[in-house]
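Subject: Structure handover, backbone notes

Dear colleague,

Here is the structure I said I would pass on. Please look over the backbone before you read my notes below it.

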Amino acid sequence: MTSWLRKKCSITLRSVLVILTASAVASYHSVEKRCASPFVSTCGECLSRGPECAWCFQKRFLDGAHVSERCDSAAQLLLKGCGEEFIENPRVKVEVNATLSSSQVAPRDISIQLRPGSEASFIVEVKQLERYPVDLYYLVDVSASMQDNLDRLKTVGVTLSHRMREHSSDFRVGFGSFVDKPVSPYIDVHPSKIINPCSDYEVHCRPAHGFIHVLPVTENMTDFKQVIQQQKISGNMDTPEGGFDAMLQAAVCQKDIGWRPEAKHLLLIMTDQPSHLALDSKLAGIVMPNDGRCHLVDNTYSQSANMEHPTVGQLAEKLLENSIYSIFAVDQMQYKWYEDLVDFLPGTYLGKLLPKASNLTNLVVDAYKKLLSDVGVEVGVEDSEAHRFWVNVTPICPNGSSIARNGRCSNVQPKQTVFFNITVGMRSCPAEGLQKGKEVLVVVKPVGFNESVTVRVQQACGCSCGEAGLCHEDPEHTICTPVPAASPVAERRVMNSCREESSGLVCSGRGACVCGACVCDESKLGTIYGRFCEKDDFSCPYDRGVVCGGHGQCVSGECLCQPGWTGENCGCPVSTESCLSADGLVCSGQGKCVCGKCVCDDPRHSGAFCEKCPTCSNSCQSHWSCVACHLSKGFGRDDEQQCNKSCTSLVAYVDDITELIRGKYCLYHSRDQCFFRFHMELATHGPQLHISRHAECMSSQRYFKTFLSVFLLTVVLGLGILAVIRLLLWNKGWSRRVKDSEQYEDNNKNSSYAPTANEKTITYRRDCLPELPMEMHVHVPKMPLNDIWP
């Protein structure tokens with residue numbers, strides 16, 4: 001039995017060792033793969049690959065090896081022969097400042113050091129006291145629909161004050177009212193309605209307003225009661241109200257409201273309608289975002305008509321920043337709308353307000369107990385740095401309490417302490433380079449508490465030997481050794497040696513500065529090269545699928561063209577040979593050669609060589625006067641020169657005009673019923689008009705024959721058309737008669753045919769009717785005389 005147990009334990013131990021060894025090997029390969037990379041050329045790049053990676057800056061380390069071999073885990077660097085004192089491996093540090101004391105939140109100040117991919121955890125304690133001073137500020141919707149609730153508040157205020165004194169060491173109250181933004185379309189802007197929104201109901205109301213601070217928090221309940229008695233309702237046109245505007249002003253105007261730093265701040269919002277959201281203001285033409293600041297002038301919100309409603313996130317930030325608990329006492333009809341909102345506002349309680357606010361006292365007391373028993377924290381990182389960090393909060397609740405949603409502990413009793421395990425992780429270093437000494441502030445704020453924890457994060461993004469540049473080159477080797485004490489001036493000088501201009505990016509933003517020289521990045525798109533990595537072979541314009549058209553070199557995103565080529569993509573030849581027309585002119589003399597193609601000067605010209613112009617002045621009619629001049633001179637040599645002075649075109653005479661191929665043929669009709677043919681050529685050299693010397697005339701006899709032929713043809717065609725029409729009409733009538741005859745025969749054959757009321761049946765017979773005796777009897781009825789004579 002003992003042997004069996006020993007054997008079984010031995011097997012189990014071996015299995016555990018095998019699993020641990022396999023896990024360690026997998027972890028080693030994962031770290032080796034993450035740290036060892038041929039693309040790592042600087043200390044900063046190495047440290048940014050993960051918290052396990054370290055950099056060796058020892059002189060003559062692995063002589064002849066690539067610089068990327070200096071990046072590996074600390075253990076592997078030691079095995080490779082790097083001295084421990086030459087290993088750059090920043091550690092994660094957490095330091096707590098215990099000098100600041102606190103009765104509720106501890107510690108108050110923490111410093112941590114992080115590097116890319118690392119994280120640090122710390123504990124924050126939040127202790128709930130037994131009795132707090134309380135400031136309660138009533139923020140009441142005074143629109144006309146809240147009349148009954150406002151009347152109830154006049155009597156319930158004192159009762160609530162007495163109930164709250166049972167739970168608070170010092171209870172004070174304040175009051176403010178809101179309706180909506182005093183602009184159209186939220187209110188009626190008629191002058192009479194601005195002064196009295198309820199004038200249609202013969203009731204005097206106060207003007208609509210965004211927020212009016214009426215009474216600062218005070219312990220004098222007599223003043224509070226008098227203020228409530230003086231309140232009057234107001235009115236607006238739309239259903240939603242401007243509650244968020246009023247809440248933000250009540251939160252940020254601490255001095256005006258009178259919030260005490262040591263007290264719990266309760267903001268009670270009483271309304272029966274939802275609130276406008278941020279973008280609703282654009283309906284009134286208000287586009288200026290809410291700046292989240294206090295704008296009370298004479299206790300009235302002065303920017304109500306100028307600034308948008310705050311966003312939900314902005315309102316949540318200001319409530320948390322000013323340690324305010326929110327209590328929504330809303331009508332039952334609007335409960336669902338506010339229920340969806342509560343999760344976005346930390347430290348918020350939602351309660352249903354019964355008719356005439358009959359349950360207001362119990363609602364506020366229950367809300368106060370619930371808010372104090374729920375303990376949670378909100379963690380905020382600087383807005384500009386938030387994307388580079390992540391935060392995780394795990395509550396450790398005391399006995400009798402439970403973990404609620406959103407990382408809170410509920411049902412926490414007075415004098416109990418809640419612990420929060422907070423982990424802050426760093427994803428990457430800032431983009432601007434060396435930031436080793438820069439701090440990033442992280443604030444841990446318990447909800448509703450006036451104390452917080454400040455966490456100062458030191459970013460280990462630099463190296464003691466500098467960011468691969470604070471070093472000098474060994475004359476015997478090409479490996480850099482660290483400069484013991486590099487001044488900012490020396491650092492700037494070395495980095496500037498890797499910039500094409502003093503204000504430019506290091507290595508054009510596409511490489512790393514190693515010992516004062518640029519080591520260009522590798523890209524899948526092509527090759528990056530040049531002293532400052534300013535050149536490449538892929539980021540320039542393409543022509544026919546080839547960078548720089550294959551006629552230039554890509555430098556800094558621009559093509560440097562070879563001789564004989566120009567253009568953005570080196571696709572335009574300098575030579576005008578491709579623009580020469582058949583006559584040897586560039587674009588037929590009607591345009592310019594641009595990028596190897598003709599661009600016509602006159603938009604009426606077209607064609608590959610601007611040789612076409614259907615609408616130009618070279619129409620036939622435009623040359624009739626010139627042709628008439630030459631005809632009147634008789635085609636003499638001297639007359640030709642004389643007419644050429646008055647014509648815009650050069651003229652030549654020809655015997656056979658049909659031999660001319662290019663150009664356009666035209667006719668000119670003379671007064672003697674003859675016409676001459678002439679030819680227009682679009683070329684600018686030589687004659688442009690060629691006039692035939694031979695006229696083509698038509699005699700009067702020929703005209704008569706032509707007229708007679710046309711006349712006879714017209715008459716024949718007319719008669720033929722009439723004959724066809726008559727034939728068609730006759731055929732149509734004949735077919736109708738045949739159809740009627742066939743119908744008649746069918747009717748006679750059918751013995752059961754009976755004529756209708758519209759038909760007559762006539763029978764003709766030749767035989768005489770037989771003579772038959774006929775008797776007629778006439779019967780005259782007898783009538784009394786009184787029926788005949790009146």
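This is a predicted model: local features need pLDDT of at least 70, side-chain atom pairs count only at pLDDT 80 or more; totals for chains, interfaces and linings use all residues.

Residues are numbered from 1 along each chain as its sequence is written, and side-chain values use heavy atoms, with hydrogens and water left out.

Helices (H or I, at least four residues) and strands (E, at least two) are DSSP runs, numbered from the N terminus. Most peptide bonds are trans, and most residues other than glycine have a negative phi. The exceptions below concern both points.

Cis peptide bonds: Ala 106 is joined to Pro 107 by a cis bond, with omega about -10 degrees. Pro 107 sits in the loop between strand E5 (105–106) and strand E6 (109–114). The bond from Ser 184 to Pro 185 is also cis, and its omega is near 10 degrees. Pro 185 belongs to the loop between strand E9 (168–178) and helix H5 (191–195).

Positive phi: Lys 415, a residue other than glycine, has phi near 75 degrees. The loop between strand E19 (408–410) and strand E20 (417–426) holds Lys 415. For Cys 548, phi is positive too, near 55 degrees, and the residue lies between strand E30 (546–547) and strand E31 (552–555), in the loop.

Is each side buried or exposed (under 20% or over 50% relative accessible area, partly exposed in between; 1.4 Å probe, protein chains only)? Lys 415 is exposed at 58%, whereas Cys 548 is buried at 1%.

Regards
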